[in-house]
Amino acid sequence: MTDIQADKVLILDFGSQYTQLIARCIRELGTYCEIHPCDTSAEMIKAFQPKGIVLSGGPESVTANDSFYEVEPVFDQGVPVLGICYGMHAMAKQMGGEVKVSGLREFGYAQVRMESDSELLDGISDSRMQNGACVLDVWMSHGDQVVRLPDGFRVIGSTSSSPIAAIANEQKRLFGLQFHPEVTHTKQGRSILKRFVHSICGCDTSWTTTNVIREYSERIKLQVGSDKVLLALSGGVDSSVVAALLHEAVGDQLTCIFVDTGLMRLNEGDIIMQTFDRHLGVKVIRVNAEQQFFSALKGVQDPEKKRIMIGNLFIKTFEREAAKLRDVKWLAQGTIYPDVIESAGAATGKAHLIKSHHNVAGLPKNMTLKLIEPLKELFKDEVRRIGLELGLPSEIVSRHPFPGPGLGVRILGSVNKKLADLLRHADDIFISELKQNSLYDQVSQAFAVLLPVKSVGVMGDGRRYENVIALRAVETTDFMTASWARLPYEFLDHVSRRIINEVSGISRVTYDISGKPPATIEWE
C-alpha cells in the first residue's frame, strides 16, 4: 500500500492567522503536510523528513531581538524552503541580509511586478505591463521590509513600495515572498504553492480522499485490533463521519451511543436514529439523559464551567453504558484539527486558550477507556469529503457545525429545559428559512442564541417583558477567522417576525454583526 505521507511538507508556524490556510491549500493540492512550532528542534525536523519546508507569516517583527526565532536548522536540511512574509524576513536576516521597519506599510491589495525569471514564479501572472513585465495581484500584510539581500539571493518581484517583494536563491533552493499566496485574495497563490510543492520539492499527489479513507481504515484496524469501540454520536458532521469511518474499518465492533442531553436541535434524536441505525446499519444505543444534564447545569452560568461539566457528564454516561457491554476498550471522538488549535493548540503549543472544546476538554484523568480520534489531523472540508465518499447523505455532511455542549453554550447564563425548548424552536425557524431561501449553503455556520436579558415588547394590546434572541450567521473558509454574513434585510425581517409570533416567550430578535476576531463564532 502506498504511504500517502511519505512525501510531506513541514510548515513552521510563527503565529500567523493564515497558517492553517497554507496547510489546507497544500493538502488540497494532494500533498500531506503538518504544522509545527517555529522553534522546532533540528533533530525533530530531520526526523520528520520533509521534502520541503514553509516558514509562515507572523505578527512579530524580526527587528525585535526578543521575538526573533533562529531558523538556521531549517537551512541545514538540504530541502527547498519557502518563507512567507515574516518567514521571508527571518530567512533574509538569518542568511546575512537586513530587515528594517518600513515607513510605507502594505496591508491589502498590491501588484507585484516580476523582475526576473525564476523557478518559483516563471509563467505565473495575472496581467502584463506595457513593457511586457508580468504582474501578480496579491495580498500584503506587513510592516517590515527586506532592505539588503543575503549573498546568493536575487530579487524576482517588487511593488511600488516594496522593492524587494520576492526573492530567490535557486542554487540553495530558497525562496521568499513578501505577500501571502495562501489567501484567496492572491489570485495565483494556489499556482505558486503548487509550483513550490510539486515542481520544486518534487512531492507526489497521493493525499486524496480515497487514499485517506483506505490508510485511516488500516490505521484504525491496527490500533483497535479485535477490541470493541464506543463512539459518542452527536449527529454533527464530525462524529457522523467518525461513525462511518469506524464502521468501514471495524464493522460491528463499533457501538455508537447517542446521549439525548436535552440540549440538541429540534428532532435531533429521531434524525440520528433514522440515519445511522436504520439506513447505515450502524449499531446505535439511545440514552435519555436529559434530566441528569439539566440537574447538573442548574445555576451554572460560567461558560467554561458549563463546557467542562457537560464534557465530564458525557464521559460518565459513556463509561456507564460501556460497563454494560463486553470488551469495549476504546472511546472514539470526532475531534478535528481546528478543535485542537483553538483549545490551546496541541499542534503548535503557542496558542492562547480561547475556550475549551467538548472534544478535547473535560476528560477525566481516571477514564478507563482509551481514546481514539481518527480525524484530529483533518480540516473540516477534508472531513466532509470523506463523509460523502463513505455514503453519508449530504444533509448530514453539509450541516453547519454544532458545538459538543449543544444548546448549553447557546443559552447564555443558566440553562434549563424551558429555555432550551424556547431556543430550539427559534433556531429551527432560522435554519429552515435559510434552507427555504437557498441561503443555508451560502453561509458557513448559522444559529440562534438566547441572551440572558429580557426586553419590553407589545403583542396586540398587551405589554410583554420577555426573552431576547440573537441570530448569528458567518462566512469562513477555515473557521479560524470569519466575517458576519450580509443576509438580506427582508429575510431577517421575515425570520424575526416568525420567531416573535410563533415562539412564546420571545419579545425581540437581534442580529450579530461581529467578526472573528475579535469575537468567536460561538458566543460562549
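User: Why does Arg497 count as partly exposed?

Analyst: Arg497 has 43% relative accessibility. Buried means under 20% relative accessible area, exposed means over 50%, and partly exposed lies in between (1.4 Å probe, protein chains only). The value 43% falls in between, so Arg497 counts as partly exposed. This is a predicted model, where local features need pLDDT of at least 70, side-chain atom pairs count only at pLDDT 80 or more, and totals for chains, interfaces and linings use all residues. Residues are numbered from 1 along each chain as its sequence is written, and side-chain values use heavy atoms, with hydrogens and water left out.

User: Where is Arg497 found?

Analyst: Arg497 sits in helix α15, residues 489-502. Helices are DSSP runs of H or I with at least four residues; strands are runs of E with at least two; both are numbered from the N terminus. The chain has 15 helices and 19 strands.

User: Why is the pair Asp493 and Arg497 called a salt bridge?

Analyst: A salt bridge needs a side-chain nitrogen of Lys or Arg within 4 Å of a carboxyl oxygen of Asp or Glu. The closest N and O atoms of Asp493 and Arg497 are 3.1 Å apart. That is within 4 Å, so the pair qualifies. Side chains of opposite charge can pair when their charged atoms come close.

User: What separates Asp493 and Arg497 along helix α15?

Analyst: They are 4 residues apart, which means about one helical turn. Asp493, at 40% relative accessibility, counts as partly exposed.

User: How do you know that Lys417 and Asp421 form a salt bridge?

Analyst: Their N to O distance is 3.2 Å. The limit is 4 Å, so the pair passes. Lys417 and Asp421 are 4 residues apart in helix α14 (residues 417-436), so about one helical turn separates them. Lys417 has 37% relative accessibility and counts as partly exposed. Asp421 has 33% and also counts as partly exposed.

User: Are Arg265 and Glu268 buried or exposed?

Analyst: Both are buried. Their side chains meet in a salt bridge at 3.0 Å, N to O.

User: How many salt bridges does the structure hold?

Analyst: The structure holds 28.
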